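Here is a short briefing for a first look. Start with the sequence and the model below.

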Amino acid sequence: MTNSNRIRAGMVGLGMIFDETYRPMFVSAKRDGLFRRDYGQVELELAAVASRTGSRVERYRPEFPALQSFSGNDAVARLAATNVDAICVATPDDRHFAPAKLALEAGKHVLIEKPSVLTLQELDELQRLADAKGVLAKVVYHKLADPDHKKLRTHVVDDVLKHVNNGYCSLLEPKSISGSQFSEWLTGRNPGTYVAVHYLKLIDFSFGPHWKLTRITATGQRGQVGPATGPTWDSVQLQVIYTHPDQREAAFDIHTSWVTPDNFPGYVDQEVQFRFDNGVWIAHQRKRGVEVCIEGRTPNELKNTPNHHYNGSFVEPWGDRSQRGYGIEILQRFFEEVATVEFGGPVDERPARLKAMQSLSYNDLSADRNCVAIVQSMEAILKQHAAGDPGCLVEVNSSEGGLVLFSKNGTRKVLYPARV
Ligand SMILES: NC(=O)c1ccc[n+]([C@@H]2O[C@H](COP(=O)([O-])OP(=O)(O)OC[C@H]3O[C@@H](n4cnc5c(N)ncnc54)[C@H](O)[C@@H]3O)[C@@H](O)[C@H]2O)c1
């Protein structure tokens with residue numbers, strides 16, 4: 001082990017989430033490096049980026065003067081051909097697979113924004129490549145690092161909260177997300193894929209793994225961000241059923257939208273309720289802490305009910321300025337896992353370290369099967385709905401296939417033939 005261990009990172013996509021979370025993480029990592037006794041001191045450097053036009057790169061030059069920039073149709077291929085060690089993919093939801101595949105083919109560790117990919121067929125392909133190349137393929141689910149959600153899962157693991165039966169989750173995004181932020185790639189998209197995955201993973205990770213995903217249904221509304229009969233959705237209501245080992249079913253309803261008024265006090269509204277045999281867990285993202293009003297600044301520029309735990313910029317008591325929170329920590333944790341694999345002990349023990357990091361089910365692609373299966377099913381149900389066939393249902397691991405879509409008109413379609 002030397003003092004010059006270094007991870008060179010590449011980034012695909014320089015949009016909102018890069019600016020809010022990756023940028024501050026790379027800035028503090030550049031200043032402080034990574035350190036742990038097993039892997040020692042590791043330099044972490046944002047070395048290269050790929051984006052469509054390259055126009056946003058100059059904005060980040062002052063912080064990352066040596067940044068290599070690639071743009072145009074072959075930008076990701078050229079980024080993957082450099083000597084970066086890991087590549088983060090933060091492109092629109094339906095553009096994760098191609099860059100992740102190029103990165104894995106080039107033997108890079110990969111971190112993908114949620115939703116990882118949109119079909120199990122794509123997931124299988126990425127998993128095969130990650131295994132063949134001996135690298136990590138992971139997905140970002142920051143809600144699992146929220147202290148409240150950690151405590152929820154701790155209660156479940158410790159059998160304090162017993163046997164979840166049902167629950168609901170709601171995540172409402174403002175109109176500005178569908179109206180301007182994502183207008184370029186919104187056609188044919190839905191808010192369920194965009195944000196329900198946060199809660200799908202929270203449920204699957206917190207209450208699994210000894211249950212079986214069983215059925216998926218979904219419906220939604222159109223007419224605000226696109227035509228009332230078109231393929232673009234304003235809001236989505238999803239229901240997911242699991243079966244516990246004792247054959248009792250658990251049901252979860254997840255409501256999402258991206259047409260909430262922009263002057264809504266909290267920007268994003270999020271709440272959950274989970275009911276157990278012996279308890280109820282109710283959490284509200286906006287109502288767990290601060291309420292603030294500042295003339296001329298809230299609720300648009302600043303929020304009335306901010307979540308400083310996710311991501312906040314602060315003057316620390318010791319004088320430094322910082323930007324921190326679980327939305328940033330979760331990204332640094334990925335690079336700590338890369339550091340563990342590459343520098344956490346003797347070279348001949350790398351396969352064991354790789355296996356240990358791949359067994360972390362909170363972020364490994366191999367543990368994202370249920371979430372991707374639900375997304376694939378929801379998208380197929382909504383597509384069928386837009387084609388004039390509402391009310392479809394997907395059954396999981398039936399005798400006819402891993403994901404089978406049943407229509408009210410009696411037809412069925414295998415979305416994924418192998419077992420989920
Ligand atoms: N973890 C979270 O809480 C969170 C929050 C917001 C967004 N996201 C996810 O992050 C991803 C990006 O979201 P965003 O809000 O930053 O979107 P955005 O629209 O602000 O930015 C997308 C970026 O990708 C680039 N891009 C688009 N197509 C590309 C391509 N084919 N090749 C290379 N670059 C391309 C765009 O130029 C832009 O820089 C989405 O999948 C989204 O679901 C995650």
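What share of the contacts in the protein chain with a separation of 6 or more comes from residues 24 or more positions apart? Such residues account for 65% of those contacts; two residues are in contact if their C-beta atoms, placed from the backbone, lie within 7 Å. This is a predicted model, in which local features need pLDDT of at least 70, side-chain atom pairs count only at pLDDT 80 or more, and totals for chains, interfaces and linings use all residues. Residues are numbered from 1 along each chain as its sequence is written.

**Overall build**
- Of the 420 residues in the protein chain, 43% are buried (20 or more other C-beta atoms within 10 Å of their own, C-beta atoms being placed from the backbone).
- The C-alpha trace spans about 65 × 60 × 50 Å along its principal axes.

**Domains**
- The protein chain divides into domain 1 (5–142 + 320–365) and domain 2 (147–305), with bounds from an automatic or database domain assignment.
- Their centres, taken over C-alpha atoms, are 26 Å apart.
- Nine residues of domain 1 contact ten residues of domain 2.

**Ligand shell**
- Around the ligand are 24 residues, of which G13, G15, M16, I17 and E113 come nearest; a residue is near if its C-beta atom, placed from the backbone, lies within 6 Å of the molecule.
- Domain 1 and domain 2 each give at least three residues to this shell.
- α1 gives the largest share, three residues; helices are DSSP runs (H or I, at least four residues), numbered from the N terminus.

How values were computed. Helices (H or I, at least four residues) and strands (E, at least two) are DSSP runs, numbered from the N terminus. A residue is buried if 20 or more other C-beta atoms lie within 10 Å of its own, exposed if 12 or fewer, and partly exposed in between; C-beta atoms are placed from the backbone.
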